[in-house]
Amino acid sequence: MSIVRNIVHSRRRKRIANTNGLLTADLIKKADEPACTEAALALPIGIPAYLASRLQGRNTNDPLIRQFVPNPSENTLMENEFPDPIGDRKHSPVSGIIHRYPDRVLLMPVLACPVYCRFCFRRHSVGDGLLTDEKLNTAFSYIEENPDIWEVILTGGDPLILSPSRLSKILIRLNKIPHVRTIRIHSRVPALDPIRIDNEMINALKTKKPIWLVLHSNHADELDSKASVAIAKLIDNGIPMLSQTVLLKGVNDTPKDLENLFRTLIENRVKPYYLHHGDLAKGTSHFRTTLSSGRKLMKWLRRRLSGIAQPVYVLDIPGGHGKVPAGHCWIESKSEGEWIAEDISGKKHKYFDEIEPN
Ligand code: SF4
């Protein structure tokens with residue numbers, strides 16, 4: 001039985017099957033099929049038709065194949081990996097809501113994605129499908145009852161996998177909550193399933209309150225001409241875009257790959273926002289780099305790249321303690337009011353606080 005049929009018939013995790021069986025099956029034949037079947041029980045396989053057609057003929061070391069086609073290494077579990085590495089459950093007061101920071105919540109209306117990334121940190125929940133109307137209503141009530149919530153971040157899953165009419169209903173409801181002043185959407189769709197960004201979707205995204213779209217993009221090769229058109233359509237219709245990238249071994253962990261990605265994003269008017277250190281998700285050790293190699297990459301980029309193309313390198317502290325900057329520290333305290341600042345060539349300079357006496 002092909003791996004695709006194995007996944008379709010797997011009831012163990014009630015996972016969604018891939019969207020383009022034959023093409024995906026072809027791609028998986030390059031890997032170890034039984035091991036990949038096992039990997040697919042932990043995280044479904046899903047590759048949209050357009051992306052699958054782009055993957056044809058590529059080898060197993062290709063950065064896009066590595067991201068989306070299961071690999072037997074996913075079955076290697078490390079001692080310090082966790083099913084819920086960033087502690088989502090701990091901060092979930094009701095289904096579909098994660099409230100980790102005081103002024104913002106994640107709202108997860110759908111736990112399905114157009115494509116399943118093999119390094120996914122939310123592999124414990126993605127693939128579970130739509131939040132029911134009842135649960136969605138409870139999630140809205142939670143937001144309505146908490147006036148400190150200034151920003152709602154639609155994530156999942158991928159919110160742009162929803163139909164424009166369902167997405168529009170969600171955005172209309174959020175627009176009616178006075179204390180919610182801004183909405184953010186995290187998505188891979190504009191790059192990996194760009195045909196979804198049609199006029200209907202654009203109309204759904206046009207709301208009174210500002211919407212920011214954060215594109216999840218890990219390699220410049222994801223941003224082909226169709227992706228550029230979809231991104232331009234969003235931005236030209238008043239939706240500013242940022243990006244988030246996961247640092248992944250064998251995908252983008254070289255200075256050249258990161259430089260290309262961040263330059264390509266800026267050339268598409270997308271501001272690089274976060275470079276995430278890989279989370280301790282189960283079965284993802286083959287993707288992780290060390291923190292010190294991530295810092296070296298960021299230091300190198302600081303020497304090479306324009307400030308507008310620099311993301312913040314962040315670590316999500318395991319256990320639900322939130323994100324913190326993880327990059328190289330360029331300024332160190334020497335004594336009260338005295339600092340040592342390192343320039344981009346590595347030379348150290350003294351700096352003194354000079355402030356008006358009280
Ligand atoms: S799009 Fe995001 S949530 Fe979905 S599989 Fe990829 S990393 Fe996970």
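Visitor: Where does Gly238 lie?
Guide: This is a predicted model, so we are reading a computed picture. Look for helix H10 (225-236) on one side and strand S7 (241-246) on the other. Gly238 sits in the loop between helix H10 and strand S7.

Visitor: Is Gly238 buried or exposed?
Guide: Count the other C-beta atoms within 10 Å of Gly238 and you get 12. A residue with 12 or fewer is called exposed. So Gly238 is exposed.

Visitor: How many Å apart are Gly238 and Ile211 in space?
Guide: Along the sequence, Gly238 and Ile211 are 27 residues apart. Going from C-alpha to C-alpha, the gap between them in space is 8.5 Å.

Visitor: How many helices and strands are there in the protein chain?
Guide: The protein chain has 358 residues, and 40% of them are buried. As for its elements, there are 12 helices and 13 strands.

Visitor: Why is the protein chain as compact as a globular protein of that length?
Guide: For 358 residues, the globule rule gives 21 Å. The protein chain is as compact as a globular protein of that length because its radius of gyration is close to that, at 21 Å.

Visitor: What box do the C-alpha atoms of the protein chain fill?
Guide: The box is taken along the principal axes. Its dimensions are roughly 75 × 50 × 40 Å.

Visitor: Which domains does the domain assignment give?
Guide: The bounds come from an automatic or database assignment. Walking along the protein chain, that assignment gives domain 1 (3-74), domain 2 (89-325) and domain 3 (331-358).

Visitor: Which helix gives the most to the side of domain 1 that touches domain 2?
Guide: The centres of domain 1 and domain 2 are 23 Å apart, and the contact takes 23 residues from domain 1 and 24 residues from domain 2. On the domain 1 side, helix H3 (33-42), helix H4 (49-55) and helix H5 (63-68) each supply at least two residues. The one that gives the most, with 5 residues, is H5.

Visitor: How do the residues on that side of domain 1 divide?
Guide: We're still on the side of domain 1 that touches domain 2. Its residues divide into 14 nonpolar, 5 polar and 4 charged.

Visitor: How many residues of the shell around the ligand are charged?
Guide: The residues around the ligand include Cys113, Tyr116, Asp158, Arg188 and His216. In that shell, 5 residues are nonpolar and 3 are polar. The number of charged ones is 3.

Methods. Residues are numbered from 1 along each chain as its sequence is written. This is a predicted model: local features need pLDDT of at least 70, side-chain atom pairs count only at pLDDT 80 or more; totals for chains, interfaces and linings use all residues. A residue is near a molecule or strand if its C-beta atom, placed from the backbone, lies within 6 Å of it. Ala, Val, Leu, Ile, Met, Phe, Trp, Tyr, Cys and Pro count as nonpolar, Asp, Glu, Lys and Arg as charged, and the others, Gly among them, as polar. Helices (H or I, at least four residues) and strands (E, at least two) are DSSP runs, numbered from the N terminus. The radius of gyration is taken over C-alpha atoms; the globule rule is 2.2 Å times the number of residues to the power 0.38. A residue is buried if 20 or more other C-beta atoms lie within 10 Å of its own, exposed if 12 or fewer, and partly exposed in between; C-beta atoms are placed from the backbone. Two residues are in contact if their C-beta atoms, placed from the backbone, lie within 7 Å.
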